[in-house]
Amino acid sequence: MQAFLDVFDIYLLEAVINGILLGGVLALLALGLNLIFGVIDVTWICYAELVMIGMYGMYFLVQYYGLSYFVAAPLTILLVAVLGAALHYLVIAPLLTAPPINQLLATGGVLFVLQSFATVAFGIDFRNLGIRLPVLAFGDMNFSYARLLSFGAALVGMVAVYLFMTRTFTGTAIRAISQDRQIMALMGVDTRRIYLITSALGGALAGLAACLLVLLYDVHPFVGLSFGPITFLICVLGGLGNFIGGFIAAFVFAEIISLGGLFSDLEWGYVLAFAFFIVMMFIRPAGLLARRR
Amino acid sequence: MTGQGRLAAWGIGLAALVALPFLYRDPYHLHILVLILIWSFAYTSWSMMGRFGLVSLGHGGFMGIGAYVTALLWNHLGLTPWIGIPIGMVAAGALALIVGYPCFRFRITGHYFVLVTLALSGIVLQVITATRDYTGGSLGYTPDRASGNRLLALQFDDKTTWYLIALAVWLFGIVVWHWVDRSMARYALEAISEDEDAAAAAGVDVTAEKLKITLLSALMTALAGAIYCQYQMFITPDTVSGIAVSLQMVFAAIVGGLFVSLGPTVGAIITIMLAESLRIGFGTKAVGWDNLVYGLLLVLFIIFLPKGILGSLLDRLKKPQRKVTRAHEQEAVEIARPGA
């Protein structure tokens, strides 16, 4: 046992566990994006920027209006959900029949808009909530409560989405549309309404992620760039639209970043993750869990 | 326009462009023109792939490699940019082949291709930032001032010289565009962008054709990065590489028009003039406004004018309105999965 512990020294174990905790939040982000892709067949390049707006929402609600964290969180989730629905209504809906590349690029334009809107409206200062959660010491390892809380909340959020998708009529309709988008219109399902609901749900997940990430990171207009690309890579690695694949891929990526960051700079963790992604694309182009047909 | 008339128009336009710096010497305006020409060349390089449905967000990476390899070789090994630039181009081309070959071989298209190339520009940006001991990281990098021969170091203080160099490079880009436009490769690539399987069945070597255009595009983008570096004498990871630069290329090419040779140039003129006029009009208050306008325009253009300004204008001018647009201009290829 002692020999085992010597090999896996305490920092390694800490990094592994921190990676799992990070993976929870990444999985939540990936779930929202996968939902949008699976149902509407659109990739929101600006997804991380929605999260950024949500983080600013939390910041202002808590710091300026003095609301408590747990009152501000539902409001933020609602705000981002409305944003998600608006994004669908204004940008995606007119482009539904356009080539997929055009939809991708249009949301790329929204990325610029949201980023520069935040720059213009809030400035480029780094801001944080000012909530400092205590650190949990376990043996020689330290874990912040913020990470534990966000991991737990992310899991709860994912379970809630799962129940919604399997136990409600609307959820069943959403899953049905992702299987065959032509036939569902003939079955009397209003696809436009379902798309709007899905977008709002995707937005709400981004909002939840924002409430959690604001505990871990400072907010600035470009914060989306620090986890946005990773989220896309997770979704692609898991197979776009594949919820379980995305879930697993999130933890794989989180571990690579966390362990890479342990042995060297954090940037090298990202480089490793990106490189791993490119290699995996060649081994399993349709995602980790794709069946070989 | 007849062929001769078109040639005459090009000739007169070029003569005017060459003569310009000798008649009009305002350094600020020349600086803007040089920037427009260099970026036009970069955007043209991107559009050579983009017009065939190969939307790459990795070109920020190629540009960064061109710029940083040239500057690093000059500073650390004292290698003249005349050799450094080709080495940078070869490095970018090699990377394009390494990533491109498996992509095309395994039929990674559509969303998947976009996201793989996105990862590529992410890698280049992070590597430049991570190797900050050599590249200066996100603080940027400056090639050393040449002590001896200016020509050998490819460093000129004179704006007119740079204007002529940029003009030549830009013209080279346009010529290559037309060369591709007239080659057999264009027909092969258009067939591929409409239906890969059908193209392959008709005897088109899909992988080879895609690789050729990707290599060409990457080489030219790296050249643009190197020239930009030599002109500005200061590069940061964010100005020459990364996802923002890639998106900027896509944006300018789409606004100007993807399917016409001067489209990306028009896009560069619009974007750079917009950024500059906002900067002059609002000063430091304008931080962020240019991107806000870019983003809005990008969304509006994709919804209402997917062929871009110049493309739509030319369509209007052509008297017999061709009703049937080529399919690849309307519809991108379905995502093909291997073994499907």
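Helix 3 of chain A is largely enclosed by the rest of the structure, because 15 of its 17 residues are buried; a residue is buried if 20 or more other C-beta atoms, placed from the backbone, lie within 10 Å of its own, exposed if 12 or fewer, and partly exposed in between. This is a predicted model, in which local features need pLDDT of at least 70 and side-chain atom pairs count only at pLDDT 80 or more, while totals for chains, interfaces and linings use all residues. Residues are numbered from 1 along each chain as its sequence is written, and chains are lettered from A and ligands numbered from 1 in the order in which they are written.

**Chain A as a whole**

- Chain A contains twelve helices and two strands, where helices (H or I, at least four residues) and strands (E, at least two) are DSSP runs numbered from the N terminus.
- From the N terminus on, the order of elements in chain A is α-α-α-α-α-β-β-α-α-α-α-α-α-α.
- Chain A has 293 residues, of which 53% are buried.
- Of the contacts in chain A with a separation of 6 or more, 76% join residues 24 or more positions apart; two residues are in contact if their C-beta atoms, placed from the backbone, lie within 7 Å.

- The expected span of a helix is 1.5 Å times one less than its number of residues.
- Helix 6 of chain A (residues 145–167) should span 33 Å with its 23 residues, and the 32 Å between its end C-alpha atoms agrees.
- The buried residues of helix 6 of chain A include A:Ala146, A:Ser150, A:Ala154, A:Gly157 and A:Val161.
- An α-helix has 3.6 residues a turn, so residues three or four places apart point the same way.

- Not counting residues up to four places away in sequence, A:Ala209 touches A:Val25, A:Leu28, A:Leu29 and A:Val51.

**Interface between chains A and B**

- Chain A brings 42 residues into contact with 44 residues of chain B.
- On the side of chain A that touches chain B, two or more residues come from each of helix 5 (100–122), helix 10 (224–238) and helix 12 (266–283) of chain A.
- Helix 5 of chain A gives the largest share of that side, 17 residues.

**Helix packing in chain B**

- Helix 13 (residues 243–256) and helix 16 (residues 308–317) of chain B pack at an angle of about 15 degrees, with their axes 3 Å apart; axes are lines fitted to C-alpha atoms, for helices over the stretch in contact, and angles run from 0 to 180 degrees between N-to-C directions.
- B:Ile254, B:Val255 and B:Gly256 of helix 13 of chain B make this contact with B:Gly308, B:Ile309 and B:Leu310 of helix 16 of chain B.

**Positive phi values**

- A:Asp41, which is not a glycine, has a positive phi of about 65 degrees and is found in the loop between helix 2 (10–40) and helix 3 of chain A.
- A:Asp41 counts as partly exposed, with 19 C-beta neighbours inside 10 Å.
- B:Met233, in the loop between helix 11 (206–232) and helix 12 (237–240) of chain B, has a positive phi near 60 degrees.
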